[in-house]
Amino acid sequence: MTIASPLFDCHTHCSCSFDCQETFDRSCEEAIQKGLGGIALTDHFESFDYFEKLKEPCLESVKTSIAAKEKYCDRLKVLVGTELGEPLEDLPATEEFLSLCEFDYVLASLHNSKGAKDFYFVEDFRTFHTDGGLRAYYEDLYETIRWNQFDSMAHISYPFRYMELRGFFDLTMDMYDEMILPSLKLLAENCKALEINTSGLRTPSRKTLPDMKYIKLFREMGGEFVTFGSDAHRAEDVGEGLAEAAEIALACGFRYQTVYENRQPTLIPLK
Ligand SMILES: [Zn+2]
Ligand SMILES: [Zn+2]
């Protein structure tokens with residue numbers, strides 16, 4: 001099956017993110033070259049670091065995407081976005097940031113449970129099941145979805161990405177289904193989007209985050225909206241895996257990709 005409509009990469013980073021060196025110009029050029037319909041710049045806002053460290057780069061990111069929106073207006077749709085990390089951990093910071101900018105698109109994500117370290121930095125996962133580390137993560141996911149002040153929920157299988165990368169396969173996402181399924185249901189009931197994050201296709205697991213099982217369940221629970229995102233931290237990764245994400249979405253019963261502009265969803269048919 002071939003996807004006919006131009007795909008939108010709704011999750012990319014530039015050097016306004018602490019873990020990225022890329023310029024957004026290079027990402028936009030890459031998106032144009034790959035024939036994408038549009039791109040959202042979603043640099044990292046991490047609520048607990050906002051007042052001390054991230055306010056300036058976060059505002060700079062918004063300025064960067066506003067400038068690119070104008071610069072590329074006749075060649076590429078540019079969307080002003082953010083990746084709102086752990087939004088409830090410092091809610092006043094989150095609320096301030098959201099009030100300062102006019103976003104097209106707000107992607108929420110969790111890289112850690114409250115007060116714990118980012119799974120990216122965790123080396124030893126052996127105690128995570130017994131000490132409740134993953135339960136805490138999926139409790140926070142539910143609370144974030146209940147908070148509901150975002151458009152799409154990013155990479156809900158994030159902890160498992162790092163477990164698999166570190167060769168730790170004792171825990172599986174299925175073991176947390178009793179917590180994850182109510183979250184997916186609430187996301188669907190709130191008419192919010194689930195992100196199909198393709199960064200996992202660039203790791204040995206070759207799986208989207210989350211994988212097909214959860215995307216299909218979200219659809220069965222009444223989910224209408226899916227967004228696609230490469231989570232590119234380098235221009236060459238922009239748009240990577242989106243065609244595969246679109247095929248997965250179709251196979252799970254979605255007929256549209258969702259793109260947010262002025263925080264409103266637009267449904268673009270996949271074929
Ligand atoms: Zn993320
Ligand atoms: Zn990201």
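**Helix packing in the predicted model**

Helices α4 (residues 133-147) and α5 (residues 158-165) cross at roughly 150°, and their axes come within 10 Å. This is a predicted model, in which local features need pLDDT of at least 70, side-chain atom pairs count only at pLDDT 80 or more, and totals for chains, interfaces and linings use all residues. Residues are numbered from 1 along each chain as its sequence is written, and side-chain values use heavy atoms, with hydrogens and water left out. Helices here are DSSP runs of H or I, at least four residues, and strands are runs of E, at least two, numbered from the N terminus. Axes are lines fitted to C-alpha atoms, for helices over the stretch in contact, and angles run from 0 to 180 degrees between N-to-C directions.

On the α4 side, Leu-134, Tyr-137 and Tyr-138 meet Tyr-158, Pro-159, Phe-160 and Met-163 of α5 (contact means heavy atoms within 4.5 Å). Sorted by type, the residues of this contact are seven nonpolar, no polar and no charged (Ala, Val, Leu, Ile, Met, Phe, Trp, Tyr, Cys and Pro count as nonpolar, Asp, Glu, Lys and Arg as charged, and the others, Gly among them, as polar).

Helix α1 (residues 24-33) packs on helix α2 (residues 47-71) at about 40°, with the axes 11 Å apart. Here Phe-24, Asp-25 and Cys-28 of α1 meet Thr-64, Ser-65, Ala-68 and Lys-71 of α2.

Just after α6, Cys-191 takes a positive phi of about 60°.

How values were computed: Chains are lettered from A and ligands numbered from 1 in the order in which they are written.
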